[in-house]
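Biologist: Please walk me through this model. I would like to learn how to read its features one at a time.

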Amino acid sequence: TDIPTDYPTDIPTDIPTDYPTTASPTWNPTTASPTDYPTTASPTVSPAPTLAPTPKPTDHHAGGCHPAYSAGASYAAGQQVSATATAETPTTTPCTCSEASCPSNPGQTTGCTKTTTVMTSETYNYQCVDSSNPNWHYCSSSGYKPTGEYGSLAWVKGTQCSVSSLPLIVSFPSRESRT
């Protein structure tokens with residue numbers, strides 16, 4: 001390949017040096033503030049959409065409870081159910097150390113206690129969040145059951161209600177002898 005050799009040789013030597021100058025800003029990333037950055041027009045930011053509040057569940061069924069939640073069933077936004085949660089409450093009470101039902105250390109004669117666990121069940125009405133809340137889709141997922149760890153993301157807890165049960169009818173045959 002041929003390398004050009006016909007470079008201009010008449011380079012001016014009288015370059016002006018009296019240009020108007022301004023100090024160029026120096027930027028230090030460790031001390032810079034947001035106002036140190038070059039800016040252009042500010043972007044417009046749309047406000048985040050606000051979700052309509054989910055109405056509180058209502059009590060209009062006999063006994064005050066809506067139909068019971070069923071894992072695996074399909075639920076729609078706004079649909080109401082009832083669900084029962086069972087809680088264990090430990091209760092510690094003093095007892096006589098010498099009694100067999102009182103746990104104690106060998107030789108202990110005072111300060112003995114025993115702990116009993118009381119199981120309580122409470123039933124509440126719940127409502128699946130409304131359709132303006134995208135979490136309503138989780139109402140049909142058993143991982144989001146009303147009484148579960150994540151239930152409050154998809155269900156709104158309402159009032160406590162009583163589960164009414166039908167009376168148990170038992171019939172026994174008559175003792176009369178048949179002739």
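Modeller: Start with a side-chain pair. A polar contact is a pair of N or O atoms within 3.5 Å; within protein, one must be able to donate a hydrogen and the other to accept it, and residues adjacent in sequence count only if both atoms are side-chain atoms. Here the side chains of threonine 123 and threonine 84 make a polar contact of 2.6 Å.

Biologist: What should I keep in mind about the numbers?

Modeller: This is a predicted model, where local features need pLDDT of at least 70, side-chain atom pairs count only at pLDDT 80 or more, and totals for chains, interfaces and linings use all residues. Residues are numbered from 1 along each chain as its sequence is written, and side-chain values use heavy atoms, with hydrogens and water left out.

Biologist: Is threonine 123 buried or exposed?

Modeller: Buried means under 20% relative accessible area, exposed over 50%, and partly exposed in between (1.4 Å probe, protein chains only). Threonine 123 is at 8% relative accessibility, so it counts as buried. Its place is in strand S2. Strands (E, at least two residues) and helices (H or I, at least four) are DSSP runs, numbered from the N terminus.

Biologist: Which residues does threonine 123 touch?

Modeller: Contact means heavy atoms within 4.5 Å. Not counting residues up to four places away in sequence, threonine 123 touches Cys65, Ser82, Ala83, Thr84, Gln160, Cys161 and Val163.

Biologist: Ser82 is on that list. Where does serine 82 lie?

Modeller: Serine 82 lies in strand S1. With a relative accessible area of 6%, serine 82 is buried. A polar atom of its side chain lies 2.7 Å from the backbone oxygen of histidine 66. In S2, asparagine 125 is the bridge partner of serine 82.

Biologist: How many bridges join S1 to strand S2?

Modeller: Two strands pair if DSSP finds at least two bridges between them. S1 and S2 (residues 113-128) are joined by 15 bridges and run antiparallel.

Biologist: What is the strand order in the sheet?

Modeller: The open sheet has three strands in the order S1-S2-S3, with antiparallel pairing. S1 (80-94) and S3 (155-161) each have a single partner strand, so one side of each is left without a neighbour in the sheet. The average here is 40° from one strand to the next. The protein has three strands and zero helices.

Biologist: Which residues form the largest nonpolar core?

Modeller: A nonpolar core is a set of buried Ala, Val, Leu, Ile, Met, Phe, Trp, Tyr and Cys residues joined through side-chain atoms within 4.5 Å. The largest one has ten residues: Tyr69, Tyr75, Val81, Ala83, Tyr124, Tyr126, Cys128, Cys139, Ala154 and Trp155. S1 and S2 are the elements that give two or more residues to this core. S2 supplies the largest share, three residues. Alanine 83 touches Tyr69, Tyr124 and Tyr126, among others.

Biologist: What is the mean pLDDT of the protein?

Modeller: pLDDT is the predictor's confidence in each residue, from 0 to 100. The mean is 73, and 56% of the residues reach 70 or more. Among the elements, S3 has the highest mean (95) and S1 the lowest (91). Over residues 48-55 pLDDT stays under 50, and the model has eleven contacts there beyond four places in sequence.

Methods:
Axes fitted to C-alpha atoms, helices over the stretch in contact; angles between N-to-C directions.
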